[in-house]
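Good morning, and thank you for making time for this item.

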Amino acid sequence: MKVILTQDVKSQGKKGDLINVSDGYANNFLLPKGLAKLATKQAINELEGKKGAEQYKKNQEEQKAKNIAERMKEMNVKLSAKAGKEGKLFGSITSKDVAKALKEQYNIEVDKRKIDLPDGIKTCGIRDVNVSLYAGVTGTFKVTVTEA
C-alpha cells in the first residue's frame, strides 16, 4: 500500500515522502496514529505541488543570495574605533559590529553568525571579510577600520 508520510517515521522516511508499506502496517499503525495518509491521486498531486513550490522558493532564495554576493564585491564597510600606537585597537571589532554597520550603510541584513571573523578585527586598516549567505553561496566585502 502506498502512503504519504505526514510526520517523520523512524526507519521509514521523512515527512512528505511517498513510501510503499504493507497493508497491515499502514492500517494498524500509520493511519490510525496520523503518521501517514493514503496516496490517492489527489494527495500525490498535492504533494508534487508542494514540492514544486518549495523548490521554486529555494531557487529564489539562492538567486537572491547570489545577487547580494555580486553586490558585495564593490562594498566597503567603514568602521571607526579607538586605537593606540601602531594602529592597534582597544578591544576588537566583532562580527556583530560588522553586521550592524552593513545594515546601516548598505541596508543588507546578515546574521552575525554567518560572518567569518573568528578573532575579530584588532588593527586599523582594510580587511576582506567572508559571509555565508546561502548554502554554497559566499560573499566577500571589504571592511575599513579607521582610528576614531
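Let me begin with α2, whose buried residues pack against β1 (2-5), β2 (18-20), β3 (36-38), α3, β8 and β9. Those buried residues of α2 are Ala43, Leu47, Ala65, Ile68, Ala69 and Met72. Buried means under 20% relative accessible area, exposed over 50%, and partly exposed in between, with a 1.4 Å probe and protein chains only. Helices (H or I, at least four residues) and strands (E, at least two) are DSSP runs, numbered from the N terminus.

This is a predicted model: local features need pLDDT of at least 70, side-chain atom pairs count only at pLDDT 80 or more, and totals for chains, interfaces and linings use all residues. Residues are numbered from 1 along each chain as its sequence is written, and side-chain values use heavy atoms, with hydrogens and water left out.

Helix α2 has 32 residues and spans 47 Å from its first C-alpha to its last, close to the 46 Å expected at 1.5 Å a residue; the expected span is 1.5 Å times one less than the number of residues. Axes here are lines fitted to C-alpha atoms, for helices over the stretch in contact, and angles run from 0 to 180 degrees between N-to-C directions. Helix α3 (residues 95-106) also packs on the sheet, where it touches β4, β6 and β9; its direction makes about 125 degrees with that of β4. Contact means heavy atoms within 4.5 Å.

Now the sheet itself. It is open, with four strands in the order β4-β9-β8-β6 and mixed pairing. Its edge strands, β4 (76-81) and β6 (115-116), each pair on one side only. Two strands pair if DSSP finds at least two bridges between them. β4 runs parallel to β9 (residues 137-147), and six bridges join the two. Lys78 stands opposite Thr144 in β9.

What lies in the largest nonpolar core? It holds 23 residues, of which Met72, Ile93, Val98, Leu102, Ile115, Phe141 and Val143 touch the most other members. At least two residues each come from α2, β4, β5 (88-93), α3, β8 and β9, and α3 gives the largest share, four residues. A nonpolar core is a set of buried Ala, Val, Leu, Ile, Met, Phe, Trp, Tyr and Cys residues joined through side-chain atoms within 4.5 Å. A second, separate core of nine residues includes Leu5, Val9, Ile19 and Val21.

Is Ser95 buried or exposed? Ser95, in helix α3, is buried, because its relative accessible area is 17%. Its side chain reaches the backbone oxygen of Lys112 at 3.3 Å. Leaving out residues up to four places away in sequence, Ser95 touches Lys112, Ile115 and Leu117.

Thr138, in strand β9, has a relative accessible area of 52% and is therefore exposed. Its C-alpha lies 48 Å from that of Asp23, 115 residues away in sequence.

Thr123, in strand β7 (residues 121-123), is partly exposed, since its relative accessible area is 43%. The C-alpha atoms of Thr123 and Lys88 are separated by 4.5 Å, although the two residues are 35 apart along the chain.

Methods: Polar contact = N/O pair within 3.5 Å; in protein donor to acceptor, adjacent residues only side chain to side chain.
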